[in-house]
Amino acid sequence: MFAAFLLVFAFFAVVLHDDGFTSQTNLLNIVRQTAPITVMAVATVFVLSAGEIDLSLGSVVALSALVTAKVMQTQDAALAVAAGLGIGVGIGVLNGLFVTLLRLPSFLVTLASMGIVAGLARTVTDLQSIAVENATFVNIFGSGDVGAIPGLAFWGLGAVALGQFGFRHTRFGAHVVATGDNAGAARVAGIRVDRVKLAVLALSGAAAALAGILYTGRLEGATYTLGAQDLLVVIAAVVIGGTRLFGGEGSVIGALLGSLLLGMLTNGLILWGFSTAQQLIAQGVILLVAISLTLREPRRE
Amino acid sequence: MAVAVASCSSNEGASEGSLPIKSSRAVGATRGPHGERAIPTSALDLSPAEVAKVRSGHYTAALVWHEESDFTTAVTAGVRDVFDQLGIRLVAQTSANFDPAKQKSDLETVEAKKPSVLLSLPIDPVITASAYKAIAGQGTKVVLLSIVPQGMRPGRDYVDMITDDLFEMGKRAADALAAAVGDKGKVGYFFRDANSFVANQRDQAFLKTITANYPNVKVVARQGIADPNRSEELANAALTKNPDLDGVYVTFSEPPGEGVLAALHSTGNTKTKVVSLDLSEPMALDMAKGGPTFALIADRTYELGRAMATSAGYGLIGKRAPPFLVAPALTITKSNLVQGYRASLHRAPPASVTKALGQ
Amino acid sequence: MAAVASPLVRIEQLRKEFQAIVAVDELTLDVDSGEIVALVGDNGAGKSTVVKCLAGVHSPTSGRILLDGEPAHFSGPLDARGNGIDVVLQDLALADMQPVYMNVFLGRELVTGTLRRLDRRAMAAETGRLLDELGVHIDSPRQQIRSLSGGQRQGVAIARAMRWAQRLVLMDEPTAALGIAETERVEELIRRMRDQGRAILLVSHSLDQVFRLADRICVLRRGRQVGIRSTGETTGDEIVSMITGLR
């Protein structure tokens, strides 16, 4: 995976040398632009590794963003952020309760909640966009910098650092992969499989909400279409990064690289001056080559 | 009856004088986002000396679109043709698929190439405003299509804003629908139920014109369309409630107009005439086959692109452009369908349409 | 009665119902340390249900489980394990994509430091020692389970039981998926565990194996306890007739 990442990076660095691809601004742009995707990708590593999926991700982004922006019109920014995150966690927990208490597949539960949440997002503001003018909020979650590094990069990388620790170095992380690998074995081994599932879905809701808040900070406002295109990008980033779609194996660092790789592709192909149709084709081809080189499974005898 | 009227008209293209649809009194006018008076795009003009001045600058340009469709393709074609004359090189082109976050990223990415001009249709007037301000602050000349980001002022932050002659389009839709129902009958009004500068003005113009100028045409059903993708369901419900409508106005053709058409087809309704805005292949095809679609009101999309590119030239040499420009509207019926396609999108109609017309 | 030391495990009138179905009806059985007791019966006789009740996976509908004479209630598998009971299941219950050491420590991972980081190094080292001790040969304790052979996998499952079962090891068809040589190795491991003083409850379809390993044989038929025989005082024919109910 790392090889594919370097390959694409080196390729663009050479081809687009004169088009500003390697300029610091542009590289920071890529990190900034991918931050919300990276945050969601980290949580999705946990969800997929546990053998679950969260299709409601994109809708939660929109609803949390709108709730945050709306609450901020009349209340304190901290309260608005708490409300946005609370909505996300709440939806995640509800997803988790349906999956664990009624033993329903998360694919169907979150397919249903995806629709409900998308509908709610549309009703919250009656399809109107809300502007956010709170400078502190915008600074923390959007355009602000920490030294020379964009604040958004900190959120993204912070999520990766926490995620990596949680996934690789805690018992919870071990229980997540064991649950996705063989839920029966995990249960017999005394792992509270239902709690693991509930936790990863709640985590996913929280990450989607944070992504929504980051979008709100970055765009200085929220609208109901935010996040609508994110679900597949997030899943692609995670799977490219070496996480199994069906549970049992995952990589947080891989997800970061996957997210950056996809962001880099979009960015590089625009700088190259391709038309949008050419961009789509080139994106697909490069992706296919990169994953063929790195992700193919060796044939077993 | 309507079809018969249309077919006996001469076939001399998009010039509307030949159509049996009469033009009623204007009861309003298109206004810019800051209340500006609309100036026709034909007012834009660069002298040979000015063209040479632009050419000598070897400028670069970026196109940041909201989506990809027939519409953006035709605008882009108009832009490219004028850019060729002005010696402006297109260095980046993006499409955001209606995702404002993607559009903001696109703007940032494009900014790294430091284009001399940016031509764009902002998806959202509110939440991408900061990105447009940033790129304008960098010295890039901004030419806008249809939407002005909040807080941006013409002349200071952008060269000008170009859009359709919105009032004229709505008015023409009213004139066409009145002709379709023989100036008398019950009609439905399917309007855009969301904050949209373009759709709201067109819808209002239709409503004002039909009520003021056609007292015998009654708007008996109103249906707001908040989610264009659900138009067919909405249309089904509205048509079930009002099965005896003589005609309907639909805010734009793709997808709501197509949804209404599908609803009519599925209920076997051949009586209700449809008038909608913008060209769409399914509706043009229906019109060619003599279906319920009576007229489509279109803009000169290619002309929008030409005007944007010309405005870019204005910006680059510091020539003051009118802040708000509109491209003329077209009424397209079966009789001038081929010419209408050329005038609007600068291309031939789709093969299916040509075939249905027997050409 | 009171004068005699309590057996390590006593199952008293154990009953387990699943909705309308009685899976196990009134089972009473002792298993003492250093003893292998076999549980035999036809498919659906209730053997696995007994194992799962003892492992804390199911809770009995009625009846008691006594450990060293003290009544025990297991709220879950971890609880059973806390009481020194571990299980080697028919379907192995190994997580295929995880390393060997993770499987040995599944649910009871070792942690270190104030952040309670997983101590992968310690787990791998102890797993290596454990497998060496048992004579189970694998390349590395960091290997994924899916790269192992059937015998190696069963070796890992048994190693895990050895690591955690201080008192009772439950074995549900431990050799069902294995070849002849591998079966011999596993049987050797089972004997070794008994010799170390553990009590072993063995569920097996193979009467040959039962006669090779068990000290006593308990026969179940459709959830009912038919009888208990000492291996030395019975024959295969008698056990078969008890299993089938044909005399």
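**Notes on the predicted complex**

1. In the contact between chains A and B, 29 residues come from chain B and 28 residues from chain A. On the chain B side, the elements that supply two or more residues are β3 (89-95) and α4 (100-111) of chain B, and α4(B) has the largest share of that side, with 9 residues. Sorted by class, the side of chain B that touches chain A holds 11 nonpolar, 10 polar and 8 charged residues.

2. Everything in this note refers to a predicted model, for which the predictor reports an ipTM of 0.84 and a pTM of 0.82 for the complex. For chain C the mean pLDDT is 88, with 97% of the residues of that chain at 70 or more.

3. Which chains share the most contacts? There are 2 pairs of chains in contact, and of these it is chains A and B that share the most. Chain B and chain C, by comparison, are joined by no contact, and their closest C-alpha atoms are 37 Å apart.

4. The contact between chains C and A draws on 21 residues from chain C and 17 residues from chain A. Both α2 (77-82) and β8 (117-118) of chain C contribute at least two residues each to the side of chain C that touches chain A, and α2(C) gives the most, namely 3 residues. The class composition of that side of chain C is 13 nonpolar, 3 polar and 5 charged residues.

5. The secondary structure of chain B consists of 13 helices and 13 strands. Its radius of gyration is 21 Å, close to the 21 Å given by the globule rule for 359 residues, so chain B is as compact as a globular protein of that length. Along the principal axes, the C-alpha atoms of chain B fill a box of roughly 60 × 40 × 35 Å. Of the 359 residues in chain B, 59% count as buried, and among the contacts in this chain between residues at least 6 apart in sequence, 77% join residues at least 24 apart.

6. Chain C has 8 helices and 12 strands. Why can chain C be called as compact as a globular protein of its length? The reason is that its radius of gyration, 18 Å, is close to the 18 Å that the globule rule gives for 247 residues. The C-alpha atoms of chain C fill a box of roughly 55 × 40 × 40 Å along the principal axes. Buried residues make up 45% of the 247 residues of chain C, while 66% of the contacts in chain C between residues at least 6 apart in sequence join residues at least 24 apart.

7. In chain A, helix α10 (residues 193-219) is made up of 27 residues and spans 39 Å from its first C-alpha to its last, which is close to the 39 Å expected at 1.5 Å a residue. Is α10(A) mostly covered or mostly open? Of its 27 residues, 25 are buried, and the helix is therefore described as mostly covered. Just after α10(A) comes Glu220(A), with a positive phi of about 55°.

8. Phe167(B) lies in helix α6 (residues 166-180) of chain B, and it counts as buried because it has 24 C-beta neighbours inside 10 Å, where the cut-off is 20 or more. Leaving aside residues up to four places away in sequence, Phe167(B) touches Gly28(B), Ala29(B), Thr30(B), Gln201(B) and Ala205(B). The C-alpha atom of Phe167(B) is also separated by 5.5 Å from that of Arg202(B), although the two residues are 35 apart along the chain.

9. A last point concerns a pair of strands. Strand β11 (residues 293-299) of chain B and β13(B) run antiparallel and are joined by 4 bridges, with Ala298(B) standing opposite Leu330(B) in β13(B). In a regular strand, side chains alternate between the two faces of the sheet. In strand β13 (residues 329-332) of chain B, Ala329(B) and Thr331(B) point one way, Leu330(B) and Ile332(B) point the other way, and all are buried.

Definitions and conventions. Residues are numbered from 1 along each chain as its sequence is written. Chains are lettered from A and ligands numbered from 1 in the order in which they are written. This is a predicted model: local features need pLDDT of at least 70, side-chain atom pairs count only at pLDDT 80 or more; totals for chains, interfaces and linings use all residues. pLDDT is the predictor's confidence in each residue, from 0 to 100. The radius of gyration is taken over C-alpha atoms; the globule rule is 2.2 Å times the number of residues to the power 0.38. A residue is buried if 20 or more other C-beta atoms lie within 10 Å of its own, exposed if 12 or fewer, and partly exposed in between; C-beta atoms are placed from the backbone. Two residues are in contact if their C-beta atoms, placed from the backbone, lie within 7 Å. Ala, Val, Leu, Ile, Met, Phe, Trp, Tyr, Cys and Pro count as nonpolar, Asp, Glu, Lys and Arg as charged, and the others, Gly among them, as polar. The expected span of a helix is 1.5 Å times one less than its number of residues. Two strands pair if DSSP finds at least two bridges between them.
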